[in-house]
Amino acid sequence: RHLSYVLGIETSCDDTGLAIVDTDGRVHANVLESQQEFHTRYGGIIPPRAQDLHRARIESAYDRCLAEAQLQPDQLTAIAVTTRPGLPLSLLVGLRFARHLARRLKKPLLPVHHMEAHALQARMEQPATISFPFLCLLVSGGHCQLVMVRGPGRLSLLGQTLDDAPGEAFDKIARRLRLHVLPQYRLWNGGRAIEHAARLASQPLAYEFPLPLAQQRNCHFSFAGIKNNSFRAIRARERMEETPPDGVISNYGDFCAGLLRACSRHLMHRTQRALEYCLQPNVQLFGDAPPTLVVSGGVANNDAIYANMEHLAKQYNCRSFRPAKRYCSDNGVMIAWHGVEQLLQAGESCLRFDYDSIDVQ
Ligand code: KG4
Ligand code: ZN
């Protein structure tokens, strides 16, 4: 049987990810260069700095990718590259490199929507099990969406955040808490640090936050209220404890547990509404397919959040999945896999040689 190899290139934010995946979903190479270390020093991502780092690393990441896969460049079938959404300066590095390669190797390009790639990633390990359509909760640093996924390029939005994304809220709150001054969290993203700290709570019920959008009959999300309440609670505790300016409040574990519970409850409440809507007898968005919920994006790494989602899905006789943890956050594999999905669904008609008409955003 003929196998195709797709090279995936991801540079939408602060990770340089290149990977090679075949049409059976086997990963032949996965190179991921994080910029976390540089950006934590400045308290956030500075787009021109992120662009420089992508530029400095992409060429060698590509070389390592081919070496890892033990493939020659001409054995690649196509080059998939993230074109949107993301930081334009970062996206451009990946796209320009992809164009340059495609031209040199005379290979077709496959433009990839980053969020779609997150949504389809869970299928890489079990394409037969997770058939279309499925409901997907996309939770990352930039997004929070509930979408019905019918195939690559065929997603419909049921709800999205009205303000912050949950990962963004975790990152900002972790920064405000100064978790990064604790050596064990120095190189971790905010969400991961908060998840870990929450497990250390001695009084996990000490902090309570109101449920956002509790009365709204839709599937939207809002994390700004939880974020602002968090800033206020941290400030109050710092005053009480007289925490030094570079210190962390002593009960940060309790606080993180309350924060995580609040975000998790909100995500569940909105996803429950979406499930009820999809399953209504006169709507039946799943058609003949078994009702399926996929949780994806960086925040899907969170075991507490995912366990709650599994529990919710079960109540509706709905199956639940998430990608393997190493593929929940940004990486090149998901971009390559989206390329494979395009090939599987559309065949050769999706392959593009009009390199210059493919642009970012
Ligand atoms: O998907 P991703 O790698 O990049 C975007 O497309 O945004 O997601 C990154 C986000 C970060 O905001 C990070 O705080 C969050 O995912 N994240 C987590 C966990 N690991 C990463 N949030 C909660 N719990 C985690 N374990
Ligand atoms: Zn992402």
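In what order do the five strands of the open sheet lie? The views below start there. This is a predicted model, where local features need pLDDT of at least 70 and side-chain atom pairs count only at pLDDT 80 or more, while totals for chains, interfaces and linings use all residues. Residues are numbered from 1 along each chain as its sequence is written, and chains are lettered from A and ligands numbered from 1 in the order in which they are written.

**View 1. The open sheet, strand by strand.** The order is β3-β2-β1-β4-β5, and the pairing is mixed. Strands here are DSSP E runs of at least two residues, helices are H or I runs of at least four, and both are numbered from the N terminus; two strands pair if DSSP finds at least two bridges between them. At the edges sit β3 (27–34) and β5 (109–113), each pairing on one side only. From one strand to the next, the twist averages 20 degrees. Axes are lines fitted to C-alpha atoms (for helices, over the stretch in contact), with angles from 0 to 180 degrees between N-to-C directions.

**View 2. Strands β2 and β3 up close.** β2 (residues 15–22) pairs with β3 in the antiparallel sense, over seven bridges. Look for Ala-19, which stands opposite Asn-30 in β3.

**View 3. Helices on the sheet.** Helix α3 (residues 88–105) lies across β1 (5–10), β4 (78–84) and β5, and runs at about 155 degrees to β4. Helix α10 packs on the sheet too, touching β1, β2, β3, β4 and β5, and its direction makes about 135 degrees with that of β1. Contact means that the C-beta atoms of two residues, placed from the backbone, lie within 7 Å.

View 4. The protein chain is split into domain 1 (5–125 + 327–357) and domain 2 (134–322), with bounds from an automatic or database domain assignment. Their C-alpha centres lie 27 Å apart.

**View 5. Ligand 1 and its shell.** Domain 1 and domain 2 both give residues to the shell, so ligand 1 lies between them. Of the 20 residues around ligand 1, Gly-141, Gly-167, Gly-191, Gly-298 and Asn-302 come nearest; a residue is near if its C-beta atom, placed from the backbone, lies within 6 Å. Helices α5 (166–177) and α6 (190–198) each supply at least two residues of the shell.
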